[in-house]
Amino acid sequence: MTLGLGRTRSVALSGLDGTLVDVEAHIGQGLPCFTVGGLPDTACRQAPDRVRAAAANSGVPVPAHRVTVNLSPASVPKRGAGFDLAIAVAVLAAAGVLERDAVRDVVHLGELALDGRLRGVRGVLPAVLEAARRGARHVVVPLENVAEAQLVEAVAVHGAATLEEVVGWYRAVAEGAVLPVAPRAAPGHRPTTAGVDLADVVGQPEARAALELAATGGHHVLMTGPPGVGKTMLAERLVTLLPPLGRVEALEVHAVRSLVAPVGEVTALDRTPPFVAPHHSTSVAALAGGGSATVLPGSVSQAHHGVLFLDEAPEFRSSVLQVLRQPLESGEVVIARARQVVRYPARFLLVLASNPCPCGMSFGKGTECTCEPREVRGYLGRLSGPLLDRVDLHLHVPPVRRAAFAEEAGEASAVVAARVLAARGAQAERWTAGGWTVNGVVPGHVLRRAPYRLPGAVTLALDTALDAGRITLRGYDRVLRVAWSAADLAGRTVPTREDVATGLQLRRTEGVAA
């Protein structure tokens, strides 16, 4: 063996942001020792034991010399066992087992079993995306991660089952062969909304119209009503009204999913917007993201470009609900730790559902509510004013009467989604220059200034509500956004007084603290 220096590449992730890592291995004279430097965590620091055993069982043992591995840049934390394969390849290149130039520019991701098998790891999609952005053109991954890595079109993906197989490839490359490209995985589909249709909802014409408006402009929704009136059904069917995700949006959604889903679950580019409904016992870290060792994305990021549904919203702890305020404004979650700041995307459509009181029975004649007035105030007060001020549409969902059974079924999701898609096309054309896609994210100052400022006669009721203190400036801007969405749905180029009145009316809800 010729001892010396070997190099290859891998990727270190911090959230969805990645850093292309140079994995350098040096084999020199000295007592047998195998060390890894460059801010490895516990799992990464244990790589020498796995690499030694895997290499020995693959017929290419690590030399009994002093082996030093550096993961550069050394200031970036390295987490997980996904560096095992890169460390093994760099060490074998340093030992002269592999052609050094052949492995230098190839990105290697994967965990090694002691018998030399390659095990899949999480986060392959964001890692390969970062590698592609940094100019890498070849990536070697375990077979379990091949389909996920192939979602990135700019790189050639090579799927391996064992370290021995990888060693055989590079020995063949030294003789003039090329790395074998993994066959393209068969397309798959994750049936998120299979069998769900807006036509399933009986009655509730006002709520259906409000959902259409929410899907059009990306407006957040609060639904208040007694148990069993269809709030959950409505929320679940909101996803069916949203347009399919574009390729860039779908890659962002799948990159988040790659960090939390079981290894091998991300196999195809599903264009369906995600629907996430955490239980009311969820923690702050589970909702916003976090963790003790690795900062993982929470429900708000898993719902990116989709719907986040909080059923029985007042039952969530106040501290949990308050973390929604930042992502609702900025579209991202920022999680600060002592040594790092992790950012995750969180541009979701929020749907809150609430009963009118703790027992849920205060909704009409023939019912008996057992709640004290102070209990009702305390229950509804859990939805704080600052949070509700960020919700555009406040709906009261009434009980369904038997007469609704005789009515014709409402419009199917496909019919409503076609109108939403047309309205979104108008918004995209209007806001492309500003970098926005829907009315719900347009800054308020843009809508209050020329050329989008509406005449005083159109905004008279809204201006009066602001002067009287019945609405905040944030609420003022959100009413304008809803008015523009109502106009887009109706095919108008400019909102009318009726559109503004619609937006103002949908911010008034009886019995909900504001």
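Which residues of helix H7 are buried? This note takes up that question in point 3, after the basis of the model and its overall form.

1. Basis. The structure is a predicted model, in which local features need pLDDT of at least 70 and side-chain atom pairs count only at pLDDT 80 or more, while totals for chains, interfaces and linings use all residues. Residues are numbered from 1 along each chain as its sequence is written, and side-chain values use heavy atoms, with hydrogens and water left out.

2. Overall form. The protein has 21 helices and 18 strands; these are DSSP runs numbered from the N terminus, helices being H or I with at least four residues and strands E with at least two. The C-alpha trace spans about 85 × 50 × 45 Å along its principal axes. Of the 514 residues, 51% count as buried (buried means under 20% relative accessible area, exposed over 50%, and partly exposed in between, with a 1.4 Å probe and protein chains only). Among contacts with a separation of 6 or more, 73% are made by residues 24 or more positions apart; a contact means heavy atoms within 4.5 Å.

3. Helix H7. The buried residues of H7 (163-173) are Leu163, Val166, Val167, Trp169 and Tyr170. They lie on the same side of H7, because they cover an arc of only 155 degrees around the axis; the arc is that of the directions from the helix axis to the C-beta atoms.

4. Helix H2. In H2 (residues 47-57), the buried residues are Ala47, Pro48, Arg50, Val51, Ala54 and Ala55. Their arc of only 160 degrees around the axis puts them on the same side of H2. Asp49 and Asn57, on the other side of H2, are exposed. The cover over the buried residues of H2 includes strand S3 (33-37), helix H1 (42-45), helix H3 (84-94), strand S6 (111-112) and H7. Just after H2, Gly59 takes a positive phi of about 85 degrees.

5. The loop between H7 and H8. Pro180 lies in this loop and is partly exposed, with a relative accessible area of 38%. Leaving aside neighbours within four places in sequence, Pro180 is in contact with His158 and Trp169; Trp169 is one of the buried residues of H7. Gln204 is also found in the loop between H7 and H8. Gln204 has a positive phi of about 55 degrees although it is not a glycine, and at 5% relative accessibility Gln204 counts as buried.

6. Helices H8 and H20. The axes of H8 (residues 205-217) and H20 (residues 473-490) come within 9 Å and cross at roughly 100 degrees. H8 is therefore roughly perpendicular to H20 (angles under 35 degrees count as roughly parallel, over 145 as roughly antiparallel, 65 to 115 as roughly perpendicular and the rest as oblique). Axes are lines fitted to C-alpha atoms, for helices over the stretch in contact, and angles run from 0 to 180 degrees between N-to-C directions. On the H8 side, Glu212, Leu213, Thr216 and Gly217 meet Val482, Ser485, Ala486 and Leu489 of H20.

7. S10 (residues 221-224) and S17 (residues 349-354) pair in the parallel sense over four bridges, and Leu222 has Leu352 in S17 as its bridge partner.

8. Backbone details. The peptide bond from Ser72 to Pro73 is cis, with omega near 5 degrees; Pro73 lies in the loop between strand S4 (66-72) and H3. The peptide bond from Ala450 to Pro451 is cis, with omega near 5 degrees, and Pro451 is found in the loop between helix H18 (444-447) and helix H19 (460-467).

Note on methods. Pairing = 2+ DSSP bridges.
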